[in-house]
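Hi,

Here's the model I promised to pass along. Have a look at it first, and then read on for what turned up among the aromatic rings.

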Amino acid sequence: VRNKGTIGGAICNADPAADYPAALLGLDAIIITNEREINSSDFFIDMFETSLKEEEIVIAVKLPIAKFTKYLKFASLASKYAIVGVFVVKNELVKFSVTGASNSPFIIKELENMEIRELEKINIDNLNFENYFINSDLHASSEYKISLIKTMLKKAINFIRDEWKRNIF
C-alpha cells in the first residue's frame, strides 16, 4: 500500500514532517474535495489535522506551475521525514515555506513575496522565529531547528541569486 500512496492521502494525513505540505503551501495549491475547493493555506490546521469535514474526500490537487522551485531537507536518518524542510518558489516574487519544524507547515511571512534584490538585503540571522511555534521533539530542539531553517534559507537564497544572475529566470 505504501508504494501506491497518493499525494491526496499524504496531505490528508497532515504529518507535520511530511514533504508535500511545504510544496502545496509554497505553491498556493488548491485542494479539491467532493464538496469544495480549499486553498492550501486553509487546509493544514495542526498536527495530523486538516480542515476536511467528516464525509469529505480529496479528489484532486491543483498545483500552479512556477518558474522555479527548490526543496532543501534535513531528514531523520531513521524515517527519512523532514526534521526541517524548506521549500522555495520563484515566480515574479519569492516565497518560502517550512515543514518539520512546527505542528503544521508555514510560510515565512517576513520573506513572503519579495524580489530577489530585496532578499539579498535581509539578514536571515535576524529573523524572529518567536512568531512561529517551532517545537522541540526527539530529533531536535527548537533552537536547533531554527538554526537549520536559517542555514537552509541562506542556501536557498544563494541558489536563487546564482540562477537569477545566470538569467535563468
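Phe106, Phe129 and Tyr132 come together as one aromatic cluster. Keep in mind that this is a predicted model, so everything below is computed from it.

The search over the whole structure turned up six aromatic pairs. One of them is Phe68 with Phe159, a stacked pair with 5.6 Å between the ring centres and 25° between the planes. What does that pair tie together? Phe68 sits in strand β6 (residues 68-75) and Phe159 in helix α5 (residues 142-165), so the contact links parts that are 91 residues apart in sequence.

If you're wondering about the label, planes under 30 degrees apart would be stacked and over 60 edge-to-face.

On burial, Phe129 has 6% relative accessibility, so it counts as buried. Tyr132 is buried too, with a relative accessible area of 13%.

Phe159 has another neighbour to check when you open the file: Lys70 lies over the face of the Phe159 ring, at 4.6 Å from the ring centre.

Cheers

Note on methods:
Residues are numbered from 1 along each chain as its sequence is written. This is a predicted model: local features need pLDDT of at least 70, side-chain atom pairs count only at pLDDT 80 or more; totals for chains, interfaces and linings use all residues. Side-chain values use heavy atoms; hydrogens and water are left out. Rings of Phe, Tyr and Trp (its six-membered ring) pair if their centres lie within 6.5 Å; planes under 30 degrees apart count as stacked, over 60 as edge-to-face and the rest as tilted. Helices (H or I, at least four residues) and strands (E, at least two) are DSSP runs, numbered from the N terminus. Buried means under 20% relative accessible area, exposed over 50%, partly exposed in between (1.4 Å probe, protein chains only). A charge sits over a ring if NZ of Lys or CZ of Arg is within 6 Å of the ring centre and within 35 degrees of the ring normal.
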